[in-house]
Amino acid sequence: MSGNSIEGVVAPPTLFAQAAANVYNRSLIEASLDPLVTIGPDGKITDVNAATEQATGYTRDSLIGTDFSDYFTDPERARAGYQQVFRENFVRDYPLELRHRDGRIMSVLYNASVYRDENGNVMGVFAAAHDITERKRAKEAIRRANAYNRSLIEASLDPLVTIGLDGNIIDVNAATEQVTGLDRATLIGTDFSDYFTDPEKARAGYQQVFRENFVRDYPLDLRHRDGRITSVLYNASVYRDESGKVIGVFAAARDITERKRAEEEIRRYAEDLKRSNQDLEHFAYVASHDLQEPLRTMSSFSQLLARRYRGKMGADADEFLTFIVDGATRMQTLIHDLLAFSRIGTRGGPFTLVNCAEVLQSAKENLDAAIAESSAVIIYDELPTVLADSAQLMQLFQNLFSNAIKFRRRDQPPCIRVSAERQSDGWQFSVRDNGIGIDPKYFDRIFIIFQRLHGRDEYPGTGIGLTICKRIVERHGGRMWVESEPRSGSTFFFTLPDARRTHDQQLTTACAAN
Ligand code: ADP
């Protein structure tokens, strides 16, 4: 006989084993971290473990015999729960909220089943609660983060879309609904490329993303269901699942309809301007050219008249004749100048690589007499080779030199210095003199055709020299301006871009800046 004795009492072996098993079972129940409870058919608690005491804040004695449903935020639901167990023998993952006596709430999922006596009669419900407060909190955090992300996606003014590997739309935001005129239920599952004026190009776009992982500023025209077109630039990249596998394309469109419209308007404006400039130049050319002939007749006959009849028609008539001859000569000069001006745009030569030093030397030679007569000195630093119309470049230097000589001070011979400075996009030239200078208030006026600051008796000229210079510089895509102070000499600046920028481009830039 085995020795199962407690304090000398010999217990029947089965009874002892049962007692031991009981202690063992109970210890497991108590060790459980999940609150466990048994409930009688009347809904009263018949037993609890330590975890239940902890979860409710009540001792087992005060719990046993009380209504199970009393310890939940929603007693009705708790009651419905154990009643369901009595009815259906079990429930799984039944959600409830346990209320601690201090008010703390614990979210739990109940698994519960009926338990029976040896005869198989249902005695009550055994219910185990699993604390899911933390899990719920984490889930809620994810839900909130998700809702936040979604709200950002929806708030985006840019139409956003995700496209699956098959080219079908997976998801869209409100802006996509707006730009297509279709709701998301209609859009999702359909071919992305269906919504563009050029479906092939749209397809090529997302295929490029799958191939190269992204595209930037991919231009497409989105078609609204009512036919309206929205020009967009797409930025798109692939997105991946947790394992890093590419599962789709995320594409964001930027509406550039307005930008395109503005660009088109600028282009048209520039074209109109170019045309009207050409018309004007043409008009100036034709007018001055055709005026030359009758003027020549008037001029030669008035001179003939003067030669033959001077002194025969009285002093008044002689004086009038002089006025007519002078007027005709002056008009010839003006018309000649106008013709020269109109020829800059219409009769300009080709742009070639031009050595500025050589061109400057030619300009100097053309002014030999004036240079010698005034003892002028022209010096220059190292000058670059530029892309230009060499004849016009020479005329530009010549006009500036001849002005510097003409508007010299009486007390010193003219000294002219030419320099060129490298800039990011070309060269800045300067032609500095030591002449009479210019009052800053006339800086703009002197570049206007036939505008002069002096009478013809003081300094000869028609006032077209600088207008021609400026026009030449502009034809080359550069700018021209002056800096000066009266009596301290003047410096005329002009820029020449590296590569030839057309007149059009220049206008476009100027318009865009406004
Ligand atoms: P013009 O020489 O026939 O008068 P321009 O168009 O060449 O015509 O010059 C316009 C005006 O600008 C001149 O009348 C003069 O008053 C002023 N100007 C031009 N160049 C110089 C200079 N180097 N120094 C001082 N004044 C100048």
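Helix α14 (residues 465-475) holds both K470 and E474, which sit 4 residues apart, about one turn of the helix; helices here are DSSP runs of H or I with at least four residues, strands are runs of E with at least two, and both are numbered from the N terminus. The two side chains form a salt bridge whose closest N and O atoms are 3.4 Å apart, a salt bridge being a side-chain nitrogen of Lys or Arg within 4 Å of a carboxyl oxygen of Asp or Glu. K470 is partly exposed at 26% relative accessible area, and E474 is partly exposed at 24%; buried means under 20%, exposed over 50%, and partly exposed in between, with a 1.4 Å probe and protein chains only.

The model is predicted, so local features need pLDDT of at least 70 and side-chain atom pairs count only at pLDDT 80 or more, while totals for chains, interfaces and linings use all residues. Residues are numbered from 1 along each chain as its sequence is written, and side-chain values use heavy atoms, with hydrogens and water left out.

**The chain as a whole**

The chain has 15 helices and 19 strands. Its radius of gyration is 50 Å, whereas a compact globule of 514 residues would have one near 24 Å; the radius is taken over C-alpha atoms, and the globule rule is 2.2 Å times the number of residues to the power 0.38. Along the principal axes, the C-alpha atoms fill a box of roughly 170 × 55 × 45 Å. Of the 514 residues, 35% count as buried. Among contacts with a separation of 6 or more, 53% join residues 24 or more positions apart, where contact means heavy atoms within 4.5 Å.

**Salt bridges**

The count of salt bridges comes to 32, including those in the table.

| Pair | Closest N to O distance |
|---|---|
| R184 and E154 | 2.8 Å |
| K470 and E474 | 3.4 Å |

In the salt bridge between R184 and E154, R184 lies in helix α7 (residues 184-187) and E154 in helix α5 (residues 133-155), so the pair ties together parts that are 30 residues apart in sequence. R184 is partly exposed at 25% relative accessibility, and E154 is partly exposed at 23%. In the other pair, D411 counts as exposed at 53%, whereas R409 is buried at 18%. Salt bridges also link R26, E30, D47, E53 and R60 in a network.

**Aromatic pairs**

A search of the whole structure finds 18 aromatic pairs; rings of Phe, Tyr and Trp (its six-membered ring) pair if their centres lie within 6.5 Å, with planes under 30 degrees apart counted as stacked, over 60 as edge-to-face and the rest as tilted. The rings of F68 and Y110 have centres 5.8 Å apart and planes at 75°, so this pair is edge-to-face. The pair links distant parts of the chain, with F68 in the loop between α3 (60-63) and α4 (75-88) and Y110 in strand β6 (residues 105-116), 42 residues apart. Both F68 and Y110 are buried. The rings of F447 and F492 have centres 6.3 Å apart and planes at 75°, so they too are edge-to-face. F447 and F492 are both buried. Ring pairs also join F68, F72, Y82, F86 and Y110 into a cluster.
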